[in-house]
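Work through the exercises below with the sequence and the model side by side. Try each task before reading its solution.

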Amino acid sequence: MFSILVVTVFLASCLAMPIKDPYSYSSAVGQGGGTPFASYGEGRITGVRVWEINNNYYYYYYYYNSNAYISGFQLRYGYTWSPVFGREGGEKQEMELFNDEAIVEVSGKYNPADYICYLVLSTNMGRTLSAGLPNQVSFNFYPANMGNELRLLSGRFNGAGITSIGAHWGLVNMEGAGNSTLESTGNSTSS
């Protein structure tokens with residue numbers, strides 16, 4: 001009889017435990033001036049575009065980079081691209097994600113006085129997209145919970161580039177949400 005009581009109390013305490021929040025937020029870094037943004041879309045992120053400005057010049061055989069920074073970015077959710085946040089200025093870096101590939105880390109460098117200088121997006125398959133120049137203050141964003149992935153980026157931008165960035169992490173309901181160009185070409189298999 002006592003064992004039934006112990007088991008009942010144990011099960012009741014398990015039901016009373018708070019469920020861990022499946023979402024997390026990596027606080028924004030950067031100067032933060034300008035217009036606020038938050039990316040949005042249905043399903044998993046399946047592609048990324050990042051534009052970088054590199055103000056490079058030579059002076060008497062010496063190479064200088066006066067101010068490299070991220071001017072804009074765009075995320076693709078399923079098969080639909082989000083608007084460009086910032087601007088499409090400078091050199092474009094692009095990465096399309098494979099089936100079951102997700103962004104699990106966002107890192108880089110920022111100048112506290114103006115822009116995000118360097119941005120690196122890393123996936124669960126070990127691939128990375130990097131843009132900009134790695135100088136100034138480092139940041140590293142990753143989800144608080146295992147199995148979570150990047151859901152959206154938020155922050156601020158002005159007429160020249162991205163002035164602050166933060167990351168939002170969570171689970172993705174994959175029912176009906178395509179993930180990559182492999183599915184769109186008919187190469188996906190079912191078991």
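The model is predicted, so local features need pLDDT of at least 70, side-chain atom pairs count only at pLDDT 80 or more, and totals for chains, interfaces and linings use all residues. Residues are numbered from 1 along each chain as its sequence is written, and side-chain values use heavy atoms, without hydrogens and water.

**Exercise 1.** Find the order of the four strands in the open sheet.

Solution. Strands (E, at least two residues) are DSSP runs, numbered from the N terminus. Two strands pair if DSSP finds at least two bridges between them. The order is β1-β13-β12-β2, with antiparallel pairing. At the edges are β1 (24–30) and β2 (35–38), each pairing on one side only. Four bridges link β2 to β12 (residues 149–157). Proline 36 has arginine 156 in β12 as its bridge partner.

**Exercise 2.** Describe how β9 and β10 are joined.

Solution. Strand β9 (residues 116–123) runs antiparallel to β10 (residues 128–132), and five bridges join them. Leucine 121 is opposite leucine 129 in β10. The two strands form a hairpin with four residues between them, and glycine 126 in the turn has a positive phi of about 85 degrees.

**Exercise 3.** Is aspartate 100 buried or exposed?

Solution. Buried means under 20% relative accessible area, exposed over 50%, and partly exposed in between (1.4 Å probe, protein chains only). Aspartate 100 has 59% relative accessibility and therefore counts as exposed. This aspartate 100 lies in the loop between β7 (91–96) and β8 (103–110). Its phi is positive, about 60 degrees, although aspartate 100 is not a glycine. Most residues other than glycine have a negative phi.
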